[in-house]
Amino acid sequence: MTRPGAGSAIDDYNYVVNSESCTQRQDRLLTMRREEFDAMPGPYLLTTQRHGMEPNWRRRIAEWSFQVVDYYNYSRETAGIAISILDRYLARTSINKNDFQCASLTALYIA
């Protein structure tokens, strides 16, 4: 086992993981879960959106995202990740229909 900084990022990660106790791993996992929960979007349609976003927009863009990934033979998980990215963005930013379409395409590109 090499010491941190002696090799690649993977070597450093393996050093940390292999040198942790079971309790440290559990604490790290609980921290990651808390951070993930804190980052999850709330009911943004009611609380954030002020530019006329309608409930069916998300459903329609989700269907479109799945059609795109199916057409290009990508993993369907890619569409799910894109929707998650989009939800997180919409939880913080109010947008109109044109910006919604652009944000949806960008989220799919990022995913």
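Glu-63 is partly exposed, with a relative accessible area of 43%, where buried means under 20%, exposed over 50% and partly exposed in between (1.4 Å probe, protein chains only). The side chain of Glu-63 meets that of Arg-59 in a salt bridge, a term that requires a side-chain nitrogen of Lys or Arg within 4 Å of a carboxyl oxygen of Asp or Glu. Because Arg-59 and Glu-63 are 4 residues apart in helix H4, about one helical turn separates them; helices here are DSSP runs (H or I, at least four residues), numbered from the N terminus.

This is a predicted model, in which local features need pLDDT of at least 70 and side-chain atom pairs count only at pLDDT 80 or more, whereas totals for chains, interfaces and linings use all residues. Residues are numbered from 1 along each chain as its sequence is written, and side-chain values use heavy atoms, with hydrogens and water left out.

| Salt bridge | N to O distance |
|---|---|
| Asp-87 and Arg-58 | 2.7 Å |
| Arg-59 and Glu-63 | 3.3 Å |
| Arg-76 and Asp-70 | 2.5 Å |

Asp-87 lies in helix H5 (residues 76-90) and Arg-58 in helix H4, so their pairing ties together parts that are 29 residues apart in sequence. Within this pair, Asp-87 is buried at a relative accessible area of 10%, while Arg-58 is partly exposed at 32%.

Helix H4 (residues 55-71) also contains Tyr-71, which is exposed at 63% relative accessibility. Gln-67 is likewise found in helix H4 and counts as exposed at 54% relative accessibility; its C-alpha atom is separated by 9.0 Å from that of Ala-79, 12 residues apart along the chain.

Conventions: Helices (H or I, at least four residues) and strands (E, at least two) are DSSP runs, numbered from the N terminus.
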